[in-house]
Amino acid sequence: MTEITGSEALVRVKELVEDIDFTMLTTRDDSENLVSRPMSTRQMDEAGDIWFFTAEDTEKVEEARHHHQVGLSYCDAKGMRYVSIAGTASIVHDRAKMEELYSPSLDIWFTEGLDTPGIALLKVTPTIAEFWEPAKGKVALAAGALKALVTRDTPDDDTVSHGYIVC
């Protein structure tokens, strides 16, 4: 496995997060159950914060307020690309940031646009980020896996790139 760390890994995480778009946001409810739901990423900014739009009167917002630690899981199964992020969530009411990130595609959820009552931003500040993807493309990864099956050996170490960042 090819290991990537530091600024190179952080740049790659940003590219993956913004390209894959949808994530499963995992929060903890008051009974300590892990609860996940899909969210559409609006941006991973230069500081590393990941931004989402949300309605303030949702369970995920209440859970994020009570238990700030959350998880994000990005999956591009066709491209064999995966990102896992542990972070701290906060609810933000910054009109300028909302104007920067809002697009008409969100009108389905927020019928009055940025004037929708209760509209808010959910910000996740990563503490740990990790990713996996094919090092030489998904065809090379599939070929390596097939070779390993035929030879009953483990795949070559250079078929997968793995990045790990403590933020």
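Predicted model: local features only at pLDDT ≥ 70, side-chain atom pairs only at ≥ 80, totals over all residues.
Residues are numbered from 1 along each chain as its sequence is written, and side-chain values use heavy atoms, without hydrogens and water. Local features need pLDDT of at least 70 and side-chain atom pairs pLDDT 80 or more, while totals for chains, interfaces and linings use all residues.

Select Asp-21, in the loop between α1 (6-20) and β2 (22-28). Helices (H or I, at least four residues) and strands (E, at least two) are DSSP runs, numbered from the N terminus. Phi of Asp-21 is positive, near 70°. Most residues other than glycine have a negative phi. Go on to Glu-32, in the loop between β2 and β3 (34-40); its phi is also positive, about 70°. Glu-32 is partly exposed, at 45% relative accessible area (buried is under 20%, exposed over 50%, partly exposed in between; 1.4 Å probe, protein chains only).

Next, the salt bridges (a side-chain nitrogen of Lys or Arg within 4 Å of a carboxyl oxygen of Asp or Glu). The whole structure has 12. Select Arg-65 and Glu-56, whose closest N and O atoms are 2.3 Å apart. In the pair Asp-76 and Arg-81 the distance is 2.7 Å, and Arg-81 is buried at 15% relative accessibility. Then show Glu-100 and Lys-97, with 3.5 Å between the closest N and O atoms. They are 3 residues apart in helix α3 (residues 95-101), so about one helical turn separates them. Finish with Arg-12, Glu-15 and Glu-133, linked in a network of salt bridges.
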